[in-house]
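This briefing covers charged side-chain pairs and a ligand site. Please look over the sequence and the structure before reading on.

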Amino acid sequence: MALSLAGGHHPRRAASCGRRSGQTASLRAKRETRRDDRAGRSPLALSLARAVVSDDLSSFYTIRLMQERIQGSGADRPEAPYLDRHSVTRSAIVELRLISGQTVSFMSLSGMTVALKTSSSSVTQQQWWHPTRDQCQYGLRKFRQRPVLLRVKAISGKLDLDFSDPSWKQKYQEDWDRRFSLPHITDIYDLEPRTTTFSLKKNRTPLGDGDVSSTDMRNGYVNKDDRALLKVIKYASPNSAGAECIDPDCSWVEHWVHRAGPRKEIYYEPEEVKAAIVTCGGLCPGLNDVIRQIVFTLETYGVKNIVGIPFGYRGFFEKGLKEMPLSRDVVENINLSGGSFLGVSRGGAKTSEIVDSIQARRIDMLFVIGGNGSHAGANAIHEECRKRKLKVSIVAVPKTIDNDILFMDKTFGFDTAVEEAQRAINSAYIEARSAYHGIGLVKLMGRSSGFIAMHASLSSGQIDVCLIPEVSFTLDGEHGVLQHLEHLLNTKGFCVICVAEGAGQDLLQKSNATDASGNVILSDFGVHMQQKIKKHFKDIGVPADLKYIDPTYMVRACRANASDAILCTVLGQNAVHGAFAGFSGITSGVCNTHYVYLPIPEVITTPKHVNPNSRMWHRCLTSTGQPDFH
Ligand SMILES: Nc1ncnc2c1ncn2[C@@H]1O[C@H](COP(=O)(O)OP(=O)(O)O)[C@@H](O)[C@H]1O
Ligand SMILES: O=P(O)(O)OC[C@H]1O[C@](O)(COP(=O)(O)O)[C@@H](O)[C@@H]1O
Ligand SMILES: [Mg+2]
């Protein structure tokens, strides 16, 4: 990830920002106050900073940093003019090594910008320095020198908790709140909100003049301090099924996240907004429903300039791909078919070119509908926009039939994919049951997560063996899958197997190939399984009639079912509400049955996996009756 601190202003936006924020007396006054604070260091920031220092170095980034000389310190100290608490990625601490050998650590803090820790040969004693937001944003211009290239190490921000410390829970919760705070355009701009233009009043019978609270109720405004609880089970023991405990006693710790929905105050003038929508990655049922709802909601706010970017991120820079004007009329019926009205693509994402294009097209809001890769791209775009001080909101909507996005109850399209998959399973079942020694084998998608296979097995009730990437197994030997198939043919006369595409990769030769987006191209376990079954029964001289069904693309090219269509509607609408509320670098999801906003980096740290100790996997095993294959 390249974090460039250099960058130009968008002329129109820079002007309007100054105008709206009244960047005169009030901002100057604030700056004066902050300048007075500069010499002092916040004791809270200092102690928090020390609490999370860790030696666990993970990924490497490159950053261009303006080197500044801080007046009165007598030492060269680096300055980060445009870094704020959200530019420092999810990792709480970022360590920089200047060419001169000086070391700087950045740490993001809740409510404040960053803390810097410097050390160099000239400064033997390491010191935490807590700059004001103004300094981070604007730097000390008169001392600015040429940018220097630095190696940046992101250090794991995981809290090292001491459970004997009575305040560990408070520290954990403060860290959680910091991680799940939402980046907002006022982090980089001093902007005053305006009253929202989102109103449903025109569609309703007025309840009486002057009743402001009932009007608010009718419009369904969400208070900015509303939160939803992410986890609701209090595990009494770490051995409870699926237990996720923080301390050895499994103490109750609250995990609050921001509630999604329309706010009474907004940070954009709808009439001036240009909004763009892009769909990236693989297809997924419901893409068109989300596009449609984003357009409807934007229009409800009063946005007139809405465009679609064709064929994923590629549409931002590939010559010949023109943006598509969108309106209620254009998108009215697109939900009636599967696929993406805008087209999708993998690969080719160059963040700086995309942001150049966003700047050139004068886009104020970008809605990215995509999976974990697209979210990583959206976050990189969001960070680059911040570096360039562009007033642009980047809001994502998680899309993947794999259902592998962290924290989400489910992603849209997953339900439909499961429904389609169980139709394929039913065909395999009928074929197997109707044949002498019939074996049905169905391969379903799921790169690293077996959710579709597990849920389709559960919903169909016709599966004898379900194999997923998260649970290892052997094919051969006394406890292997093939032996069990033999047993099933002997006892019930037929069997049906469901495999996720990412299952059993350890049993196959790795290709090391990747797709255009850098996703590993998996070896085909379905075909491998087909060959193994045929060979096994041939070798032992038992007749077996195998029917192999691969419905993978059929499952994701179809139209969203009723449940997904509703989910798409809510997520699409909330994405627009999030952008108007001034958030950027966020995604819209459903967690623990509530609709919420989450900061993008938190949902893409890893793909979500089936927990082999979860009740759901246990239920699947109960349903199939399969043994452990070891
Ligand atoms: N780490 C990343 N940083 C920036 N862009 C990325 C990253 N990973 C993927 N992308 C881009 O996001 C888009 C979609 O990614 P992909 O993995 O194909 O699908 P999905 O979003 O469904 O996971 C592609 O254009 C890809 O180049
Ligand atoms: O053939 P493609 O388009 O590369 O897609 C294959 C992949 O797409 C998926 O359906 C969804 O993946 P994404 O969420 O990354 O789009 C995977 O299950 C599957 O491995
Ligand atoms: Mg993906």
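Is K350 buried, partly exposed or exposed? K350 is partly exposed, since its relative accessible area is 42%, and the range for that class runs between 20% and 50%. The model is predicted.

**Salt bridge K350–E353**

- K350 pairs with E353 in a salt bridge whose closest N and O atoms are 3.9 Å apart; the cut-off for such a pair is 4 Å.
- E353 is partly exposed, with a relative accessibility of 32%.

**Salt bridge K492–D464**

- A salt bridge joins the side chains of K492 and D464, at 2.6 Å from N to O.
- K492 belongs to the loop between α14 (481-491) and β20 (495-500), while D464 belongs to the loop between α13 (451-460) and β19 (465-467), so this pair ties together parts that are 28 residues apart in sequence.
- K492 has a relative accessibility of 39% and counts as partly exposed.
- D464, at 6%, counts as buried, because the class takes in values under 20%.

**Salt bridge K535–D539**

- The side chains of K535 and D539 form a salt bridge with an N to O distance of 2.8 Å.
- Both residues lie in helix α15 (residues 525-539), four residues apart, so about one helical turn separates them.
- K535 is exposed, with a relative accessible area of 52%.
- D539 is exposed as well, and its relative accessible area is 52%.

**Salt-bridge network**

- Salt bridges link K274, E323 and R361 in a network.
- Side chains of opposite charge can pair when their charged atoms come close.

**Ligand 2**

- Ligand 2 is surrounded by 13 residues, of which D402, M445, E501, Y553 and R556 are the closest.
- The space that ligand 2 takes up is the second largest pocket.
- Y553 places a polar side-chain atom 2.4 Å from an oxygen atom of ligand 2.
- For R556, a polar side-chain atom lies 2.8 Å from an oxygen atom of the ligand.
- In T400, a side-chain N or O atom is 2.9 Å from an oxygen atom of ligand 2.
- Ligand 2 exposes 480 Å² when taken alone, and the protein buries 84% of that area.

Methods. Residues are numbered from 1 along each chain as its sequence is written. Chains are lettered from A and ligands numbered from 1 in the order in which they are written. This is a predicted model: local features need pLDDT of at least 70, side-chain atom pairs count only at pLDDT 80 or more; totals for chains, interfaces and linings use all residues. Side-chain values use heavy atoms; hydrogens and water are left out. Buried means under 20% relative accessible area, exposed over 50%, partly exposed in between (1.4 Å probe, protein chains only). Helices (H or I, at least four residues) and strands (E, at least two) are DSSP runs, numbered from the N terminus. A residue is near a molecule or strand if one of its heavy atoms lies within 4 Å of it. A polar contact is a pair of N or O atoms within 3.5 Å; within protein, one must be able to donate a hydrogen and the other to accept it, and residues adjacent in sequence count only if both atoms are side-chain atoms. Accessible areas come from the Shrake-Rupley method with a 1.4 Å probe; for residues, only the protein chains shown count as cover. On a 1 Å grid over the protein atoms alone, a cavity is a set of points where a 1.4 Å probe fits but cannot get out, and a pocket is an open set with protein on both sides within 12 Å along at least five of seven lines; lining residues have an atom within 4 Å of a point. A molecule sits in a cavity or pocket if more than half of its atoms lie within 2 Å of its grid points.
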